[in-house]
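Please open the model in a viewer and keep the selection tool at hand. The stops below are given in the order in which they may be selected.

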Amino acid sequence: MAKAVRHQDKHGKADAEKQRCHDGMEQQQELLIQGASCAGCVKKIEAALQSVPGVTHAEMNFAQRTVSVEGAVDASILIKAIEQAGYGAQTQSADSDDDALEEKEKADRAYYKRLMLEMTIALGLGVPLMIYGLLIGEMTVTTTTERIAWLLVGLLTLGVMLFSGKHFYVGAWQSCKNHSANMDTLIALGTGTAWLYSMVVVFFPQVVPDMARHVYFEATAMIIGLIDLGLALELKARGRTSEAIKRLIGLQPKTARVIRDGNDMDIPIEQVRLHDLVRVRPGEKVPVDGEVIEGHTAIDESMLTGEPMPVEKAEQDEVVAGTINKTGSIVFKATRVGKDTALAQIIGMVKRAQNSKPPIGRLADVIAAYFVPVIMMIAIVSALAWLNFGPEPAVAFAVVSATTVLIIACPCALGLATPMSVMVGVGKAAEAGVLIRNGEALQTSSKITAMILDKTGTITLGAPKVTDIVTVDGVDEAGVLQQVASLESGSEHPLALAVVESAKERGIKPLAVTGFNAIAGHGVEAVVEGKNLLFGNEKLMKDQGVALDDFVDKAQQLAAEAKTPMYFAVDGRLAALIAVADPIKEDSIAAIKRLQHNGIRVVMLTGDNRATAKAVAEKAGIKEFFAEVLPEDKSKKVQELQMQGEVVGMTGDGINDAPALAMANVGFAIGTGTDVAIESADITLMRGSLHGLADAIAVSKATLRNIKQNLFGAFIYNIAGVPVAAGLLYPFFGLLLSPVIAGAAMAFSSLTVVTNANRLRLFKTREH
Amino acid sequence: MILVNVLGVLLIALIVWWFWLYQPQATDLGASELTIVVENGTYQPARIQVPANQSVVLSFLRKDSSPCSETVLFPALKLSETLPLNKVKNITLPAMQEGEYDFHCQMQMYRGRLLVV
Ligand SMILES: [Cu+2]
């Protein structure tokens, strides 16, 4: 019996497997599992899922606590099954970028509110106290009435500390238990010292000298209030730094209109499956990546590529999620959904890049890592110095200086200086269609002195086009094109493709071809409509005894313009000269000028012969070029420039240029839209234009400048502020900072850094 | 006065020992379902022992709403992840060679260390 069941089971599984192979429409989803703690749980969860009708396969990854389920079953049913088995589950798509962002903003708002309330309470006590101290009375303790009054104030301050500053004290205690120290440690120690000293004065005035019977409750309350205020304002400012990411995430539509079983239905974007048919009408956003199977339209891809012109799309063309359908209605097949879409990958990449640090930030990191314990020691040393050598009342000076040192020294501004600018800079670049992979690439691009541009596909379009057709007197141009296109229609040669493409553009249909023969390195011959056609270079014509006459001069003239001339003969007599060239992209020249204007040495690299290279370089305004470079030698040219002491940027279309891109200090890959191997280069230019290069360099320079400003600002607050707080200026100027001022400085140091980073948002990549 | 000075020096020695010299016990990742709680300016546990040459998954649970705790960075691994509030986030780490790897928040106020053995 058991055997039979197992047998059947196996059968069922095999069938399911077959089914899965048959229709590629199978859905796979991942769920996050909670509460699974042993291998036994894995079996139970898998079994529970497999018993759900429609599930063909379920496999759990214990380490990741995820289970992948195959089968067209709604996620809610799967979650219910898992819950019935005694575990928790949630869909991973539930924490989609959009939701995560919304949740984050909600949390931030709540946190902001709390901080503001805490700030109000703390300053509500601190400000009146301070005004009293400054204007009305001395904050000294002599009489019993004063002692009682100050005791009450001290208890009020304790209340403020518990309500408004609880997070500092708990954090300080927790991290201290963990043998680590942070901002909380400093604030807790600083305000704690001030309060404790004041309470000693209140309870045991006799132990402190008359002159030092001073209380610092106002300092404690003010510091806590100011730091809470600083945190709140910083939170607000931070929200703005991630605007670029928000905009990218906002490009993702929430729903898609798919055609299932012949019906149109609107479904949430997460439920779109691979190979679904999706309909997009004019004015709507493309929900997922796909391939057009019906209709044609123009699509605005500027949000991803920065390219302002809409792109024509017809059958078999790719469309990308997040772009806007302008004119026509199309149906496309989903080829990438969810986290696989180009947009999702770009968002992921920008996020990662935003969190990576350029080398310039590393010193600050090292300092920050050791800072807090060092500051604690400086505070002790400073207190001891005051006690030993300071003027009377030494105790009061010691307490004030130690408190001030502790409060002013929080290294958070130092830690924030780099990441905040990088975040804005990388986002800014992404808006211009430039994807920067990491902080290192960002920093190095700001130092580029020489830029190598691969010719084909980078400076030029990379797709040859027919530029000239010179016919022998009495021969009709369209006829020539038709014949040559027919002749070449079977050929894969790029020059042949150019001719075929050109004929197609003019609506010329190819004719039937017989006796096709490719003559290696020379050209092709064939019979069309009973005529012997010959298409190829000068040598081919000479070998076949075709007279060229003055067409040789014309050919040379075309060659000097970086065009490739080809001869066409009918029945042994020359009929036409067709020139094919890879045209320079419209904006290449302007972009190259921008680079040169910024003092960058621009060098062109090509496998073409010298003459063609020279002509293209001249046209593009480039003085230096390497011609006849074999693909495998491209990286050597990069090295050559590096030997000359240049910081070299290399720009290529990414596939055959990979070794050179890797060799360069910064590799720029030109990728248009979807077919980008985003991960392969340091920087990817989403649109074909070289303006992206100049934009990338401009953004990186602006970002680096911003980082330096931030580091300098943070340095002033932290490192220069400490000696002043310790009282180093006192012997010379009689200057000792008040702890309240230190509190304000500390609170606003991070805010300054974040605000300055935000200034970068106003940076324009290009002046028009 | 001498007493105060001696006390001060002792305090400095204590700081050096407590924050730098003392090596707290590391928690073994493999032992059980381990979640690193991000709360009150700390990662708990902050020292985590993980096996070498093997990809591992760390689960983070962030309970702290301060924005500093939002990102966790593993600089040596060139990894950074955003931690959602009150929600477990699994972070897969690549196989690592033996050694010590720090992780921390953007501001470096929250600090932890991986001991790869
Ligand atoms: Cu801090």
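Select E243(A), R247(A), E431(A) and R761(A): in this predicted model, these residues are linked in a network of salt bridges. A salt bridge here is a side-chain nitrogen of Lys or Arg within 4 Å of a carboxyl oxygen of Asp or Glu. By this rule the count over all chains is 29 salt bridges. Side chains of opposite charge can pair when their charged atoms come close.

Two conventions apply throughout. Residues are numbered from 1 along each chain as its sequence is written, and chains are lettered from A and ligands numbered from 1 in the order in which they are written. Local features need pLDDT of at least 70 and side-chain atom pairs count only at pLDDT 80 or more, whereas totals for chains, interfaces and linings use all residues; side-chain values use heavy atoms, with hydrogens and water left out.

**Salt bridges within chain A**

Next, select R257(A) and D266(A), whose closest N and O atoms are 3.4 Å apart in a salt bridge. The classes are buried under 20% relative accessible area, exposed over 50% and partly exposed in between (1.4 Å probe, protein chains only).

Move to helix α19 (residues 538–543) of chain A, which holds both K539(A) and D543(A), 4 residues apart, about one turn of the helix. Helices (H or I, at least four residues) and strands (E, at least two) are DSSP runs, numbered from the N terminus. The side chains of D543(A) and K539(A) form a salt bridge with an N to O distance of 3.8 Å. D543(A) is exposed at 54%, while K539(A) is partly exposed at 48%.

Then select D633(A) and K636(A), a salt bridge at 3.3 Å, N to O. D633(A) is partly exposed, with a relative accessible area of 23%, and K636(A) is partly exposed at 48%.

**A buried lysine**

Select K455(A), in helix α16 (residues 455–459) of chain A. K455(A) has a relative accessible area of 4% and is therefore classed as buried. Leaving aside neighbours within four places in sequence, the residues in contact with K455(A) (heavy atoms within 4.5 Å) are T460(A), M604(A), L605(A), T606(A), D608(A), T612(A) and V616(A).

**The interface of chains A and B**

Now show both chains. In contact are 43 residues of chain B and 56 residues of chain A. The two chains bury about 4,200 Å² between them, 59% of it on carbon and sulfur atoms; buried area is the accessible area (1.4 Å probe) that two parts lose on being put together, summed over both.

How many salt bridges cross this interface? The rule finds 1, and selecting K104(A) and E70(B) displays it, at 2.8 Å, N to O. On the side of chain B that touches chain A, at least two residues each come from α1 (2–21), β3 (42–44), β5 (56–62), β6 (71–74), β7 (79–82) and β8 (88–93). Of these elements, α1(B) gives the largest share, 11 residues.

Finally, select residues 6–22 of chain B, which an unreviewed UniProt entry annotates as "transmembrane region"; such annotations may be inferred rather than shown by experiment. Over residues 6–22 of chain B, the chain is 94% helix and 0% strand, with the end C-alpha atoms 22 Å apart.
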